[in-house]
Every structure is written in C-alpha cells, then in structure tokens.
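Here is a short report on one protein chain. Please look over the sequence and the model before reading on.

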Amino acid sequence: MLKHIDHIYDVETDFSENVRPALLNGKRHFSNLMRDANSAFLPSAEVSEKPLRVGFVLSEHFSMMAFTAAVDALVTANLVSAASLFSFNTYGIGSAQVTSDLGIEISTQGSLDSLKQDSLHSLDTLDVLIVCGGFRCSLRENRGLTETLKTGARKDIILGGIWNGAISLAYAGLLGDTQCALHPDNHAFMNEKFDQVIVSEHSYVIEDKRITCAGHVSALEMMLKLIEQLQGKNIVRAICEILNCDRIVESGESNFIQSPNGPYLPDILIEVLRLMNSNIEEPLCIESLALCVGNSRRHIERLFKKYLETSPARYYLEVRITHARRLVLQSNASITEISVASGFLTTSHFSNCYKDYFGVSPSQARERGNPP
C-alpha cells in the first residue's frame, strides 16, 4: 500500500533544504513553473513604467479572427502581470468605421488622419503599429497609409503586418532585404510586385523592427514572440497557461506539467507531476511517488532541482495551494471543505499558507473575487 504524505510536508515543521527555499521574509514565493499558473492572483508590485502602446490599422474586410488573436495576447499579458503592460488603439484607413471579413462593422478610435492631427492618437504616442489585412482586403496601395508607415519608420516605431498587411509595408519601401511573412495566397503577388522583398515560408517573421505573419494562428504566435522580446519569457509562459489550455488538454497533459513555452521535462518527472496532480486531497509521500515511477527519492529530488529548480515537497505544496485557490474563487465550498480537498490537515495552516502565497486569506480572496 502506498504511504500518504505525513504532517512534516503539510505543516512544514522540518526546515530542511526541501522546505526552506519556499520562504522569504516570512512569505512564500512560487517556483517558476507554478508561478505562471498563479501570476494573475499574486500580490501586485508597484510598477512605474508606462504601458507599451500598440496601434492596429484595420483594412476594410480585415480578418477579425487574426486581429482578435493579436489583441488577446496583449489583453492577457495585462491580466497575468502586476500592472498594465500594453495599451492598444484601432484606426481605420479612410474612416473610423471599418467592416471586418465577418461583415461586422467596427468603430475604431479614429482614422489615419487621427495619427497626423490628434495629439492623443499621434504616431508619437505609439511604440508599435500593425496593419491588419484579410483574405478580401484590397492589394492596391493607399497613399495615406504608405505615408503613415514611412513616418512611423522615421520615428523608429515597430511596424507590422497581419495576413497581407506586409504588402502595405512593401509599398512604403520598409521591407528592403528583410524577410516577411504573409498569407500564401498573396505570395505570388508579393514576389511579382516587390522582387527585392524576401517572402518567408515561415508563418511569422520578426526581424529588426518589422513583424509580419500569415494568418490568425500565427498572429497569436507573432505577438507572443514580440511580448517575450519586450517583457520577458515569464510573461509569455503565464499567457500560455491561459490561452493554450485547449491544446494542452487535447495532448492529455495537465497545464501544471508541460506548457508549450515551458522547460522540457523528462518522462519520469512528468509522471511524478501527474501523480501529484492526481493525489491532491490525500497527498502521497515522496518515497511513494518515487516507488510508483521505479526510482529512488534522491533521483526524484535531483530531477526537480535540475529541471524545476525546486524540491518535490515545495512543488507538491504549490500544486495543492493552486488547486485550493481555484476552489476558493470558483466554488461555493466552505474554507474548511477546501482545506480538506487540498490535502491540508488543519484549516488554520491552510489559511496561513494561502495568505503567505497570495497576500490575502482565503476568505478575503473570495470577497474580492477574480482579478479584473
């Protein structure tokens, strides 16, 4: 019979090297992999930097799916961070009203004229400007858009194109000898019209200050890569915890275990993590986990240290407290019931652990609800 975890791992009276790294100034801090799943719920830190400002130029019949995929990455980045990292505005080309490929009319913040005349929406306020195209968008040059992009290049703004938006950058002479990505249906046009431009077979390209992609899936991937360059890998991993949940579920892996942007984990370690996630209410001791995967406790501890930079005991506690956080915010179960369901021996210890990690007690977290 497998032995269940004893009080030493729950109450953590043993201040060995397995437990001590979880404590800093009386508070607990999640290890890297589990921090991604909880980043939106951690105490906020004061951040003085202003959010990076992104503008989207929506062409008539632009791809709604590609546009929303790009915006979703930015909005989710704000949700998983302690402060707002990005702001975004939309602009039509000749009018503030633009019709998408779905026939839905969109009211933007202004037209291209706004970028020239309105101090609130001028190019000087932007860090990134992206042209959103679509399958039925016109491939003819718009002189106003060409001049806007040239001005943006002079101001050293990051310029991009979604779907066939790269064609607008080509008209402005801003691709030069750089590679670009666009929808395969437009490759022939680009090669014929702009023979100096290198059309990539990749779905997205980020080169210097030019970002281009071919469609809605690559729009998300392109924006995630841009966010990684601007804000770091941890933010992107946290975004993927939310946006890639369906891909992870279909692969049969828990989002605690192997996210697309996370570290590679060996099969033995993945199996241990699966066992932890399957045994939350009655946690297994580390020796039992090792026995299940046919390895020694010492070997399992080395794997955790090498790949997750933490100990099995600490990671297991973080899995349980994350499970508890979801129950606190998403269920009507009592705090005592949640404590038991998360493998804690006493409600008081559970409440203390919860407050150490999230900065508030379970009751306070429930009163506040989910983060905005």
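## Helix H14

This is a predicted model. Start with helix H14, residues 312-330. The helix has 19 residues, and at 1.5 Å a residue they should span 27 Å. The end C-alpha atoms of H14 are 27 Å apart, so expectation and model agree. The expected span counts one less than the number of residues, because it is taken from end to end.

Is H14 mostly covered or mostly open? It is mostly covered, with 15 of its 19 residues buried.

The largest nonpolar core holds 38 residues. Phe304, Tyr315, Ile321 and Phe350 have the most contacts inside it. Seven helices are listed as supplying at least two residues each: H2 (32-38), H11 (267-278), H12 (286-292), H13 (297-308), H14, H15 (335-341) and H16 (347-358). Which helix gives the largest share of this core? H14 does, with 8 residues. In soluble globular proteins, nonpolar side chains tend to be buried together.

Neighbours within four places in sequence are set aside here. Phe350 then contacts Ile321, Ala324, Val328, Ile335, Ile338, Ser339, Phe344 and Pro362. Another core lies apart from the largest one. It has 37 residues, including Val80, Ile162, Met223 and Cys240.

## Salt bridges

How many salt bridges are there? The count comes to 10. One of them joins Glu228 and Lys225, with the closest N and O atoms 3.5 Å apart. Both residues sit in helix H8 (residues 216-231). They are 3 residues apart, so about one helical turn separates them. Lys225 has 31% relative accessibility and therefore counts as partly exposed.

Arg297 and Glu287 also meet through their side chains, at 2.7 Å from N to O. This pair links distant parts of the chain.

## A charged network

Arg298 forms a salt bridge with Glu301, and the closest N and O atoms are 4.0 Å apart. The two residues are 3 apart in helix H13, so they are separated by about one helical turn. Their cover differs in class. Arg298 is exposed, because its relative accessibility is 56% and the cut-off for exposed is over 50%. Glu301 is buried, because its relative accessible area is 18% and the cut-off for buried is under 20%.

## A nonpolar surface patch

Val75, Leu79 and Phe88 form a nonpolar patch on the surface. Together they have about 210 Å² of accessible area. Val75 lies in helix H3 (residues 64-79). At 35% relative accessibility, Val75 counts as partly exposed.

## The chain overall

The chain has 17 helices and 13 strands. Of its 372 residues, 49% are buried. The chain exposes about 17,800 Å². Carbon and sulfur atoms supply 50% of that area.

Now consider contacts between residues at least 6 apart in sequence. Of these, 64% join residues at least 24 apart.

Terms used. Residues numbered from 1 in each chain as written. Predicted model: local features only at pLDDT ≥ 70, side-chain atom pairs only at ≥ 80, totals over all residues. Heavy atoms only, no water. Patch = residues over 30% accessible without salt bridge, like charges linked within 9 Å, V, L, I, M, F, W, Y side chains within 5 Å. Areas by Shrake-Rupley, 256 points an atom, 1.4 Å probe, with all protein chains shown as cover. Helix = DSSP H or I, 4+ residues; strand = E, 2+ residues; numbered from the N terminus. Buried < 20%, exposed > 50% of the residue type's maximum accessible area, 1.4 Å probe, protein only. Core = buried A, V, L, I, M, F, W, Y, C linked by side-chain atoms within 4.5 Å. Contact = heavy atoms within 4.5 Å.
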